[in-house]
Amino acid sequence: MSAPVPAAAPRSPWVAAPKPKAFVVGVGEMLVSNDASARIATYSLGSCVGVTLYDPVARVGGLLHAMLPDSTISAERAAERPNMFVDSGLPTMFHAVYALGAVRHRIVVKLIGGAEFLDEKKIFNIGQRNVDAVIVMLARNGVKLEARATGGHESRTIHLHLATGQVTMDLPGRKGVTL
Amino acid sequence: MNAAILLGKSPNLKPPSATVMRLLMLLDAPDADLDEVIAIVGRDAVLSAKLLAVCNSAGYGLAHPVASLDQAVLYVGFGEMHRLVMALSLGGTMAGALPGYDMVAGELWRHSLVTALLSPRVLARAGLPAAEGPIAYTAALVHDIGKTVIGQLPDPEAYAAIRRLVDERGHSLLEAEHAVLGCDHAEIGARLLQQWRLPEIIVEAVAAHHDPRPETGRLLASVVHVADALAHQCGASPGLDSFAVVHHESAISALQLTASDLEALSLEAVDCLEKARQQENLNHAASPARGSKGVA
C-alpha cells in the first residue's frame, strides 16, 4: 500500500513545510510526475482538450493539453511536438506514466475541454473532434473514461492534484469546481 | 441605451496621441520618410527605449547591441515598428481587468495580440495581398476594444442578465449584450474608433467582426472574424462565454479557406500565442497592470 497522504500543513511562523509545487503545461505540451506534493495545471482550454491520468496506488499522474485530433496534417510538427495532437500525445503520456510505475488497469482517466462555438454548421468543430478522438482512442485500447467535462462555450483551466488524483476546474465566475 | 451613452460612461478611454497617429500613418505609407519616422520616435522616450529593447532581444540575435535609433528602425523594419507603436499606444487601454467578462488584467490584451498576429497569416492563406497585413493587424488588435467599455460598467446586474440569456436561453454573447444594453461590443468599439478618427476601413471591420457579410466585397471583417475564432480556439480567450459566438461559414468560403487550411492556421495560432507571451514579457516593464495568470 502507499504511504498516507500528508495533510496540508497549516502555514504559520512555527511550521516549516515545503510550499506545494505547481507545474504548468502549455498548449501542445504534456507532463507526468510522481511528486505527490505537486499539482499540474493547464490554463484556458478552449477547443483544445486536456486529458488527466492518475494511478492512485503509485500516485503517478499526467496531464496532456492537445490542440488538434490528428497528427497527419503535419508530420513535421508531430515529430517536433507530438503532444500537440491527441493521436500522438495520448500514447506518449500513457508510456510516460508507465515509466514512473503506473499500472494500466489502475489508471483513472478524465477528459476536459473541447469547447464549441454556437454555429450550427460546426465549421470550427475542432472541439468536438478533439473530444471524439480521445474517446475513440481510449475505447480502442479498452481504457475506461472516468469523468468528463466537455463541449459548452467556456474555456476551462484545470488542476490535477497528485496527492489525491482530484481534478479541479476554474471556469469563468466559478473557481475550484471538482470533476 | 445606445452606444453613445455607454461610451459617455467611460471617461478614462484615451485615444492614441497625435504623435502615434502621425507615426502610424507614416508607417503605412508606401513611400514613408525614414528620417521623419526616426525624428518622431526620437521625441518619445518610452517608444525609443522599447524599440531598442526589441532590437536587442534574443529574437533578433544580433552580435553587437544596437544603440542608435536609426539603426534600430532599420533593423526592425516598418512592419514591426507599426506593431510596436500600436501595442504601446493601446496596451494601456486594453490591459486592465474586465470584471464584466470575468477577465483579469492582461487577458483581453493577450487575446487581441494573438488575433492581430494571426490576421496577416489568415490573409496570406487566403491569397490576399500581403500589403494589407498592417491594416489587418490593426483591425484585429482593436476588434474587441468595445469590451473595455462594457466590461467596466459598474452594473453587475447587467452582466448577470447577459450571462443568464447566454446560459439559459442559448443567446450568443452579442445578442445578449444587445438585449440587455441596447448595443453590443462590436458597435461600441466601432463608434469609439470612429471618435478616435481611425481609418474607416478599420472602423467598418470592427463593427462587422461578428457578422462579416463578405458579400459586400470587403474581406477585412472576414479575416478578423476567422483570426478571432482561431485565437479563441487555442485558448487565448479566457473570459465569460468566449465561445458563445456564432461563426459564419460565409467568411471562410469567401476567403477560400479549406478545412486543412484552418487546421494549419490553428497550429500557427499556437506560435502566435507564444509570440504574444514574449511581447508581454518585453512590455512588462512599461505596463505595471499585468495579470498574474498565464495562458498556456
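In what order do the elements of chain A run from the N terminus on? In this predicted model, they follow the order β-β-β-β-β-α-α-β-α-β-β-β-β.

**Figure 1. Overall fold of chain A, with three helices and ten strands.** The radius of gyration of chain A is 17 Å, close to the 16 Å that the globule rule gives for 179 residues, so chain A is as compact as a globular protein of that length. Along the principal axes, the C-alpha trace of chain A spans about 60 × 35 × 30 Å. Of the 179 residues in chain A, 50% are buried. Where contacts in chain A link residues at least 6 apart in sequence, 61% of them join residues at least 24 apart.

**Figure 2. Asn130(A), a buried residue of helix 3 in chain A.** Helix 3 of chain A covers residues 126-140 and contains Asn130(A). The relative accessible area of Asn130(A) is 0%. Because buried means under 20% relative accessible area, Asn130(A) falls in that class. Residues up to four places away in sequence aside, Asn130(A) touches Ser47(A), Cys48(A) and Val49(A), together with Met67(A), Leu68(A), Pro69(A) and Val86(A). Ser37(A) is 93 residues from Asn130(A) in sequence, and their C-alpha atoms are 30 Å apart in space.

**Figure 3. Ser88(A) in helix 2 of chain A.** Helix 2 comprises residues 86-99. Ser88(A) has a relative accessibility of 16% and counts as buried. When neighbours within four places in sequence are left aside, Ser88(A) is in contact with Ser71(A) and Pro82(A).

**Figure 4. Arg59(A), a loop residue with positive phi.** The loop that holds Arg59(A) lies between strand 4 (49-55) and strand 5 (60-66) of chain A. Phi of Arg59(A) is near 50°. Most residues other than glycine have a negative phi. The relative accessibility of Arg59(A) is 9%, and this arginine counts as buried.

**Figure 5. Overall fold of chain B, with 15 helices and zero strands.** The radius of gyration of chain B is 19 Å, close to the 19 Å that the globule rule gives for 296 residues, so chain B is as compact as a globular protein of that length. Taken along the principal axes, the box filled by the C-alpha atoms of chain B is roughly 60 × 40 × 35 Å. Buried residues form 55% of the 296 residues of chain B. Among contacts in chain B with a separation of 6 or more, 67% are between residues 24 or more positions apart.

**Figure 6. Surface and charges of chain B.** The chain has 21 positive and 33 negative charges, whose mean positions are 5 Å apart.

**Figure 7. The largest nonpolar core, with 117 residues.** The residues with the most contacts inside this core are Leu51(B), Leu90(B), Val122(B), Val226(B) and Leu257(B). Helix 5 of chain B (residues 69-94) provides the largest share of the core, eleven residues. A second, separate core has 21 residues, among them Val49(A), Phe94(A), Ala133(A) and Leu138(A). In soluble globular proteins, nonpolar side chains tend to be buried together.

**Figure 8. Surroundings of Val122(B) in chain B.** Neighbours within four places in sequence are left aside in this view. The residues in contact with Val122(B) include Val223(B), Val226(B), Ala227(B) and Leu230(B). Leu255(B), Leu257(B) and Leu265(B) are also in contact with Val122(B). Val226(B) and Leu257(B) are, like Val122(B), listed among the residues with the most contacts inside the largest nonpolar core.

**Figure 9. Gln256(B), an exposed loop residue.** Gln256(B) is placed in the loop between helix 14 (249-254) and helix 15 (259-283) of chain B. Phi of Gln256(B) is near 55°, a positive value in a residue other than glycine. The relative accessible area of Gln256(B) is 64%. Because exposed means over 50% relative accessible area, Gln256(B) belongs to that class.

Methods: Residues are numbered from 1 along each chain as its sequence is written. Chains are lettered from A and ligands numbered from 1 in the order in which they are written. This is a predicted model: local features need pLDDT of at least 70, side-chain atom pairs count only at pLDDT 80 or more; totals for chains, interfaces and linings use all residues. Side-chain values use heavy atoms; hydrogens and water are left out. Helices (H or I, at least four residues) and strands (E, at least two) are DSSP runs, numbered from the N terminus. The radius of gyration is taken over C-alpha atoms; the globule rule is 2.2 Å times the number of residues to the power 0.38. Buried means under 20% relative accessible area, exposed over 50%, partly exposed in between (1.4 Å probe, protein chains only). Contact means heavy atoms within 4.5 Å. Lys and Arg count as positive and Asp and Glu as negative; His and the chain ends are not counted. The place of a charge is taken as NZ of Lys, CZ of Arg, CG of Asp or CD of Glu. A nonpolar core is a set of buried Ala, Val, Leu, Ile, Met, Phe, Trp, Tyr and Cys residues joined through side-chain atoms within 4.5 Å.
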